[in-house]
Amino acid sequence: MTTLDLLGFDPFAPDFLRAPYRRYRELREQGPLFRTPAGMWLATGYAPCAALLRDPRFGHGEGPPGRVRGTRSFLVMDPPDHTRLRALVSRAFTARMIERLRPRVSAIAEELVGKMSGEVDVISALAYPLPVRVISEMLGVPAEDQARFQGWSESLARGLDPDFLLPEKMLAERDAARAEFHAYFAELLVRRRAEPGQDLLSALVTADELTTEELLSTCVLLLVAGHETTVNLIGNGTLALLRHGALRRFRGGDERDTAKAVEELLRYDPPVQLTLRFALEDVELCGTPIRRGEAVMALLGAANRDPEVFADPERLDLDRGPARHLAFGLGVHFCLGAPLARMEGAVALSALATAAPDLTLADPAPPYKENLTLRGLAALPVRFSPSA
């Protein structure tokens, strides 16, 4: 059975990667929650997506039959294991702790933007290195090791898609990247046990509440999830702003105004497009019976443009009211790094707008990565004219 058979659309088709929202609109017309002929439940409306994410009767369970390779991260665990592991790292991602990082994030962003000139790729010059440096410093990863992570991270990010939708080649690349990450962090953990520092990795080691496998899977999750979504927020956000002639909105504005604009960018073209849940018992979701073990795919990108919730949802409105989008999820799995991603996105876009308010696209149709769960650009070439 192909992905097209299962979902009713091909998420890896070039046309879909470039513009998924047209297809999402067509899917929503079939209903806010419906079952494909192959048996996959799709939630396209805001109401069923939000209800699914909040309902403890849906979870990750054991997942579909087939591959279970190694210890899973708490991203795909259910309570109580999810609760225990998340609690150990959540204190490093509170709004107060993240705000303390703002001066350092601003310094890195200004340094990176200061090196940009002529025609440049925003992804490789800013969107990727900024969050990688920040999460690496938080974890205590030496600066000289950070360049090793890019290939591994890209393979692991592709592996966030459900296993049963991925070809064998991508699964093999994902597993090889995970093994490389585990080997690296296993060595780093030994060093942190011997000489703990002030970083998050040292705190996790000295807490002595995680098994070695749990430590390794948590480190990999924090490093990959701690930057991949922000890469996409900065890249997708920059593209949307340039296409709408709105980059100047981020120049010299106050933090509240900038924060509101970031929320709209997250709604308009979210870095995370979907999530998968399984019914842990026979249950009704918005009045629709779902049997135990059946999978429901919440299309967050579709829900974020539901006209029942968002007026004129296809329009980018940087002055839109209070955020109700699902870009960071809801419920117990609400994104742990949401405060960090929001702050990094605001800082990066402000630094870019301040340095080059007249930035223009060098490629009107930049290429996208072949991901289903994460939506992000492979490159974003622009022409950079530094501000006087």
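Predicted model: local features only at pLDDT ≥ 70, side-chain atom pairs only at ≥ 80, totals over all residues.
Local features require pLDDT of at least 70 and side-chain atom pairs count only at pLDDT 80 or more, whereas totals for chains, interfaces and linings use all residues. Residues are numbered from 1 along each chain as its sequence is written, and side-chain values use heavy atoms, with hydrogens and water left out.

**View 1. An open sheet of three strands in the order β4-β10-β9.** Strands (E, at least two residues) and helices (H or I, at least four) are DSSP runs numbered from the N terminus; two strands pair if DSSP finds at least two bridges between them. The pairing in this sheet is antiparallel. β4 (118-121) and β9 (360-361) lie at the edges with a single partner strand each, so one side of each has no neighbour in the sheet. Two bridges link β9 to β10 (residues 381-384), and Leu361 stands opposite Val382 in β10.

**View 2. Strand β8 (residues 295-299) and its pairing strands β2 and β5.** Five of the five residues of β8 are buried (under 20% relative accessible area, with exposed over 50% and partly exposed in between; 1.4 Å probe, protein chains only). Ala295, Met297 and Leu299 cover one side, and Val296 and Ala298 the other. Strand β2 (residues 41-43) runs parallel to β8, joined by three bridges, and Ala43 has Ala298 as its bridge partner. Strand β5 (residues 274-279) pairs with β8 in the antiparallel sense over five bridges; Leu276 is partnered by Met297.

View 3. Arg174 counts as buried because its relative accessibility is 3%. Leaving aside neighbours within four places in sequence, Arg174 is in contact (heavy atoms within 4.5 Å) with Ser155, Leu156, Gly159 and Asp163.
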